[in-house]
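The following note sets out several points for a reader who is new to protein structures. Please keep the structure in view while reading each point.

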Amino acid sequence: MYFIRNEGVISVFIGYNKYMTQISRDDVLHLAQLSSLQLSDDEIDNLQQDIGNILGYVQQLGELDTSGVEPTYQVTDLENVWRDDVVIDDRISREQLLELSPESLNHQVKVPKVL
Amino acid sequence: MTSRIQNIVNRIKQGETTARQEVEAAFKRAGSISDYHALLSLTKERALKRADDIDARVAAGQVIGELAGVPFVAKDNFLTFGASTTAASKMLEHFEAPLQATAIEKLEAAGAICIGKANLDSFAHGGSTENSAFGPTKNAYDTGRVAGGSSGGSAVVTALEVVSFALGTDTGGSIRQPASFNGVVGVKPTYGTVSRYGVVAMASSTDTIGCFADNVEDAELVMKIMSGRDVKDMTTLPDFFTPVAAAKVNQKIGLIKESMSKDVDPEVRKRVNEYTEKLRANGHTVEEVSMPMTNHALAMYYIIVPAEISSNLARYDGIRYGLRAESATTLAELYGKTRDQGFMTENKRRIMIGSYVLSSGFFDAYYLQAQKARTILINEYKKLFETYDLLITPTAPTPAFKLGENTSDPILMYLADIMTVPVSLAGLPAVSVPAGVSDQGLPIGVQLIGNYTSDAALLALAREMESK
């Protein structure tokens, strides 16, 4: 695999290894908390390295002059797509949906205590 | 090339075969390729019942649909009846969908029969199908190599002729790249062509639904049936896609020079050059064009897509459906443990990068900057399409790589999609068509890119070239 084997070539082609963003272990823990992920210690170490490398790679965009350029959030240009305000019968019952939940009681989804 | 779909439908109509025979034969073929691990489940009971219904209609002399009795496979991120919908994740391992995707409903209405669900990278996050929670799929041409991804299973069942077509999703190359790696046709339509209702969401601004087939004509028929406006997906475009009989003559085609740099595998470049020679022999003009922003597209993609993933995957909370971790005593613990157990490392990586680029203090530098760069990229395409009918690149920088070769470095894995992600960010239609094999016998694909909503013209040219 010519393309993938030669790391010198990759650095020319896409700017890989040009930047290194170090993120700390605390950063990773903070991101995990924001993402509602409870991670194991091994995984935290690996993610710290991988996320640091990926953020380093994407930082190349900082070089681009984007002054005066509008961002593109979607490509269809569709806006405010309306439909009639009527109930659509999807033929899915409340019981069917409750059956999907891991635990239910008295026709409601059961969850652990919040407080 | 001969349409395999038409062949099945015609033989059923003429009483030379039955839908049941076709479905049973497909199940037999599926059983014979289990070593490839391309399928996660089979929908035997439902498929045979549907086949019998079609056979009863034929016997009664009733009209049957354009895909009547044609077996197909859906990537396992399409919600279907008859089997669980797992997204190749522990999170949804036992999820039985209460509804079917619009794409599936439309295909069924035309008489097609889903026989099974194909393996993928978990939640479609990956480029090799090695991120599946249930183990990787192997390449149709070399079982020591990857299938590509994320729709690897769908590509392999099409290449091994288990079915005449299979469904995939393409967010950054997940149909085109595995099509290239397995020597089949892979269509990614204009963003908004096919309803995504009932398909597990990944990145909402680039997710599209398309298909794999043995030939372009079959792919066009499947796309025609799936496409169209759907009130259940407000991002669908008004109906526009109808296949055309013949491609326009004397087309102007731009070969993107950044995609043919010396860093791309020499054999890949050779096959692309041969394909451009065939285009010229067919009376078309091919010129080298430049698109400098393609070199930055992967960086844009790995900001924008993780941002959208972090939002879309927030719904997997262990409360209403899917996995719920045991022994959690508080709600926060239930979320954290469920998501730790239900997601693969690549899912977590993308969710966390998304959280990072969207968080206050980093939003402008990463997410907003990427969306502005995306505008510049789109403008480069717009400029080129003022002069050219189509653009051409390799589909992937290399043929299929070895299993395990890129799993230790996520960026090396992301590079496999470097040719396909720019097209996705712009929402343009593209098709990967087989363009021969490497010296080692590995398939190589060429990517043809069309202007916005020019899917019919794009596929007509791909079809014209196929017969040469």
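**Notes on the predicted model**

1. The model discussed here is predicted. Its largest nonpolar core has 164 residues, and those with the most contacts inside this core are Phe72(B), Met300(B), Ile303(B) and Leu448(B). Helix H9 of chain B, residues 294-312, gives the most to this core, with 11 residues.

2. Met300(B) deserves a separate look. When neighbours within four places in sequence are left aside, Met300(B) is in contact with Ala370(B), Ala373(B), Arg374(B), Leu377(B) and Leu425(B), and also with Leu61(A).

3. The next point concerns the two chains together. In chain A, 54 residues are in contact with 69 residues of chain B. Two or more residues on this side of chain A come from each of the helices H1 (2-5), H2 (7-14), H3 (25-34), H4 (41-58) and H5 (94-100) of chain A. The largest share, 9 residues, comes from H4(A). By class, the side of chain A that touches chain B has 36 nonpolar, 12 polar and 6 charged residues.

4. Chain A may then be considered by itself. It has 5 helices and 2 strands, and from the N terminus on its elements run α-α-α-α-α-β-β. Of the 115 residues of chain A, 20% count as buried. Among the contacts in chain A with a separation of 6 or more, 50% are between residues 24 or more positions apart.

5. In chain B, how do the axes of helix H2 (residues 19-32) and helix H3 (residues 44-59) cross? They come within 7 Å and cross at roughly 155 degrees. Angles over 145 degrees count as roughly antiparallel, and H2(B) and H3(B) are therefore roughly antiparallel to each other. From H2(B), the residues Ala19(B), Arg20(B), Val23(B) and Phe27(B) meet Lys44(B), Ala47(B), Leu48(B), Ala51(B), Asp52(B), Ile54(B) and Asp55(B) in H3(B). By class, this contact has 7 nonpolar, no polar and 4 charged residues.

6. Which residues are buried in helix H4 of chain B, residues 102-109? They are Thr102(B), Ala103(B), Ile104(B), Lys106(B) and Leu107(B). An α-helix has 3.6 residues a turn, so residues three or four places apart point the same way. The buried residues of H4(B) pack against strands S2 (71-75), S3 (113-118), S4 (165-170) and S6 (208-213), as well as helix H7 (216-226), of chain B. H4(B) is followed by Gly111(B), which has a positive phi, near 100 degrees.

Conventions: Residues numbered from 1 in each chain as written. Chains lettered and ligands numbered in written order. Predicted model: local features only at pLDDT ≥ 70, side-chain atom pairs only at ≥ 80, totals over all residues. Contact = placed C-beta atoms within 7 Å. Helix = DSSP H or I, 4+ residues; strand = E, 2+ residues; numbered from the N terminus. Nonpolar A, V, L, I, M, F, W, Y, C, P; charged D, E, K, R; others polar. Buried ≥ 20, exposed ≤ 12 C-beta atoms within 10 Å, placed from the backbone. Axes fitted to C-alpha atoms, helices over the stretch in contact; angles between N-to-C directions. Parallel < 35°, antiparallel > 145°, perpendicular 65-115°, else oblique. Core = buried A, V, L, I, M, F, W, Y, C linked by C-beta atoms within 7 Å.
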